[in-house]
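Hi,

Here is the structure I promised to pass on. Have a look at it first, and then read my notes below.

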Amino acid sequence: MTLKRLGIILLTIFTLMIVGCAKQSAEDIQKDKQAAEEVVRAFEGTQASVTYSDPGSFEKGDPYLTADYAKKYHEMRAGMKQFIIDSQAVVTGTEPKIKFIKHSGKDFQYSLSSNRTITSELTKDSAISQIEYVVTVTKQKDGSFLISNMEEPK
């Protein structure tokens, strides 16, 4: 076998390996995209089932958040938590609408919209709260996905 022929064979093998890896990466990204979306859906489910009678219900979403963002999220939601407790309210929600926005590195962004009904067991009054967020889900070193940021759309 000539050196030229060996070079062509090696180049062909290398090219096939690159093409194969690129295809697998696209498949992996699609799987990651679906897994990240499920985190958004699961988190919203925890937020759409909060009640004054179960103080732990306010933290049920924490397993879906990075530690840093969980702290920030609880600070942002402190007023709402106090309102729910004071008015003896129960929060229920509709099936959320989640739409993929973009993927960049380890981050996946989604738009999240949902309606949450807040009903006071004291007054029997209720109000619908429409929520809309751009949610960033980040792939962790261990392969899991956690929400690292939520902000209102611009």
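This is a predicted model: local features need pLDDT of at least 70, side-chain atom pairs count only at pLDDT 80 or more; totals for chains, interfaces and linings use all residues.

Strand E1 (residues 89-93) runs antiparallel to E3, and five bridges join the two.

Phe-100 has Tyr-110 in E3 as its bridge partner. E2 and E3 make a hairpin with two residues between them, and in the turn Gly-105 has a positive phi of about 65°.

Then there is E4, which pairs with E3 in the antiparallel sense over 13 bridges. In this pairing, Ser-111 stands opposite Val-134 in E4. Their hairpin has five residues between the strands, and Lys-124 takes a positive phi near 65°.

Now for the nonpolar side chains. The largest nonpolar core has 19 residues, and Val-40, Leu-65, Tyr-110, Val-135, Val-137, Ile-147 and Met-150 have the most contacts inside it. Which elements give two or more residues to this core? They are helix H1 (3-47), helix H2 (67-76), and strands E3 (107-120), E4 (126-139) and E5 (145-151). Another core, of six residues, lies apart from it and includes Val-50, Ile-84, Val-91 and Ile-118.

As background, nonpolar side chains tend to be buried together in soluble globular proteins.

Cheers

Methods: Residues are numbered from 1 along each chain as its sequence is written. Side-chain values use heavy atoms; hydrogens and water are left out. A nonpolar core is a set of buried Ala, Val, Leu, Ile, Met, Phe, Trp, Tyr and Cys residues joined through side-chain atoms within 4.5 Å. Buried means under 20% relative accessible area, exposed over 50%, partly exposed in between (1.4 Å probe, protein chains only). Helices (H or I, at least four residues) and strands (E, at least two) are DSSP runs, numbered from the N terminus. Two strands pair if DSSP finds at least two bridges between them.
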